[in-house]
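User: I am new to this structure and would like to go through its aromatic rings. Please take the questions one at a time.

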Amino acid sequence: MVDGYLRQSPLAHLHLDARAANDINVTDAGLMLGERRHVGMINLRGEPADPAFAAAVKKAVGVALPDGINRSSGKPLSIHILALGPDEWLIVCPPGTEDSIFGKMTKAMKPLHAAVTMSSEARTVIQLAGTDARNGLAKGCPLDLHPRAFGPGQCAQSILGRADILIHQTGSNAGSSDASYDLFVLRSFAEYVWTWLEDAGREYGVKVFSPAEK
Amino acid sequence: MQKYSIFSLIKNALAYHEGWEKVWRSPEPKSEYDVVIIGGGGHGLATAFYLAKEHGITNVAVIEKGWLGGGNTGRNTTIIRSNYLWDESAAMYEKSLQLYEGLSQELNFNIMLSQRGVLNLAHNLSDLREIERRVSANRLNGIDSEILNTQEIKEFVPIINDSPNSRYPVLGGSLQRRAGTARHDAVAWGFARGADTRGVDIIQQCEVTGIRQSRGKVTGVETTKGLIKAKKVGVVVAGHSSMLADMAGFRLPVNSYPLQALVSEPVKPVLDTVVMSNTVHVYVSQSDKGEMVLGAGIDGAHGYTQRGSLHVIEGQLGALCELFPIFSRLRMMRQWGGIVDTCPDASPIVGKTPIGGLFINCGWGTGGFKGTPGSGWAFAHTLATGEPHELNAPFNLDRFTTGALIDEHGAAAVAH
Amino acid sequence: MLLIPCPFCGEREESEFHQGGEAHIVRPKDPDELSDAEWADYLFLRKNTKGLFLERWVHLHGCRRWFNMARNTATNEIIAVYKMGAQPPKAAINKPPKTAVDKPPKAVGKGAKK
């Protein structure tokens, strides 16, 4: 879709790789922030009650649709699907794989009442981790992020400091407050949300890291 | 009436202030009046005052469910200005401002009018164009209004954040120097005293439960204190206009929403004007006690809770800190809500209803306080003569059918 | 702050939502046939009830779906949510609101029932 050499992250001007290299030895940060650049995203609309639809998605993507709204299926960092609404999903895939999945999906959905839209460059993904990732988010997000209400495998669209976000909890550590999240942020809000998070994390200590991609 | 002056103050001081008369009587309702006004807020009391003063009609009752000025009169942020866009509104609000300018003398009651100026800020090009248009329209209508650039605003309000790097930089603004604030309770009390002195019965703790009609004409009102007959009835009940219209059997294009205000702890004088911003959405002035008085937009959903949602004031305090970083550690002391009746065109309805002898004054939305004397003055004329004055004729109920709307969403400053 | 039960996402805070005014307003089939008064009715005249109010909401910052809600505007009690196109659930609508409109709170202290 986009020529690879033209792709630029909305946070490129923050030189996050250089900051990550600088922060590499920081061990006491409560909030760790990193940007996953150019993650593939494909928006899918369709009829969930139609068994042919669910089967076709599974066949084309290799991952089944999630069990319910605001749930995810598949593995973070690999291909996964987030259920955004009763008939809407976001297929998230590693950078560079989106064109082939988009091709397969368009083909698979052709006979069905469905829509497939490439939206990869619309948002970037900010990854949060650490013992205070939840506390940092809770400062500006009206969601109940307590483990009894929101845990790994759950996703939700909400607001953070007045910006629209899609949040996906990717992990947690039993017995600690460790939690990790993927935050999908619209391109034009990315810098605002990033600086907001750095500000929110100041009291816990912030460490910038470079997320690993598969 | 006991006249208030330096001499009466001295005289009563010598008598240990035990000789002051009650400011108004608390009479039991008579069985019949020439005019019954439902609603003892600023607008209702002003109507009664001008009915007595301008038209010599004194066989009048003002019926109030709670206490005088306990609704939006006592809940607003006391801002007065007349810089509205359209000729109709400019005439109405300017009449009101002129009456305000002489009101303390006229009522012999200090309403503490402070013409400290009201500054409307522009934060983007569209705001600037809108302000330019409105200032020009104001000047054509003989209303004082001027445009300030960022530097002039900084000189006028030294504590404002004029950084070009903020998300919504201050690019300019319009200033009406004759605008300002007045003490809201005093306006209600002054009108009440003036009306009472002229013979108007002010009846508090008396709720209207029905409107009696016969052959399409109003004959009286049923109240918790019994039936009160009346030749004419004026409904002036901000926050409950739709309910009264329901009782009378007609419909209003009015929607009611909570509008919140809040005040901070008192601090030393730092702000000697009123600053309003539509775009970041907050308005602020400093009261004589030193409290910052803040307001902003209405709630997102209809309601009668006189309370409001927290996220609305959260946004407005965010806007305040953006405009005035100096306030970032200011603590808020009290918060409250009032119910505003909004019209689709953000202009009020002042005039006749489909029922003979029944008149309505409602829909002032978020800007009723500044309109109080003008509204009462024009509505008194309407009640006395049976026909609207040319000031309030455009603000008829029919305009929603004829399409002659008076769209003041821009000048209303507070989002409707 | 209302806690609104989105029919799709469950309870979320009001700040994620936007109210869309009175529900069940039907656009006239043939606007050209209407009188000015009828058109004004359709455009401007809305219920403004103190008490049970049927309204539309959209989960603007969430799943972006519209739905209907029955709410008591005097107390903010949310009586029911139901999908677009559906009629309000009868049981919810006929149920007397938990808090009566305009009634003063019960007397507390001396003379109050133990």
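The questions below concern aromatic rings in this predicted model.

User: How many aromatic pairs are there over all chains?
Analyst: Rings of Phe, Tyr and Trp pair if their centres lie within 6.5 Å. By this rule, the count over all chains is 14.

User: Which kind of aromatic pair do B:Phe49 and B:Tyr50 form?
Analyst: The ring centres of B:Phe49 and B:Tyr50 are 5.1 Å apart, with 75° between the planes. Planes over 60 degrees apart count as edge-to-face. B:Phe49 and B:Tyr50 are both buried, and their pair is edge-to-face.

User: How many residues apart are C:Phe17 and C:Phe67?
Analyst: C:Phe17 and C:Phe67 form an edge-to-face pair, 6.0 Å centre to centre and with 85° between the planes. The pair links distant parts of the chain. C:Phe17 is in the loop between strand E2 (10-13) and strand E3 (18-22) of chain C, while C:Phe67 is in strand E5 (residues 66-72), and the two are 50 residues apart.

User: Is C:Phe17 buried or exposed?
Analyst: Buried means under 20% relative accessible area. C:Phe17 has 8% relative accessibility, so C:Phe17 counts as buried.

User: Which residue lies over the face of B:Tyr4?
Analyst: B:Tyr4 forms one aromatic cluster with B:Trp20 and B:Phe109. Over the face of B:Tyr4, at 3.8 Å from the ring centre, lies B:Arg193.

User: Which residue lies over the face of B:Trp377?
Analyst: A charge over a ring is within 6 Å of the ring centre. At 3.8 Å from the ring centre of B:Trp377, the residue over the face is B:Lys95.

How values were computed: Residues numbered from 1 in each chain as written. Chains lettered and ligands numbered in written order. Predicted model: local features only at pLDDT ≥ 70, side-chain atom pairs only at ≥ 80, totals over all residues. Heavy atoms only, no water. Phe/Tyr/Trp six-rings, centres within 6.5 Å; stacked < 30°, edge-to-face > 60°. Buried < 20%, exposed > 50% of the residue type's maximum accessible area, 1.4 Å probe, protein only. Helix = DSSP H or I, 4+ residues; strand = E, 2+ residues; numbered from the N terminus. Lys NZ or Arg CZ within 6 Å of the ring centre and 35° of its normal.
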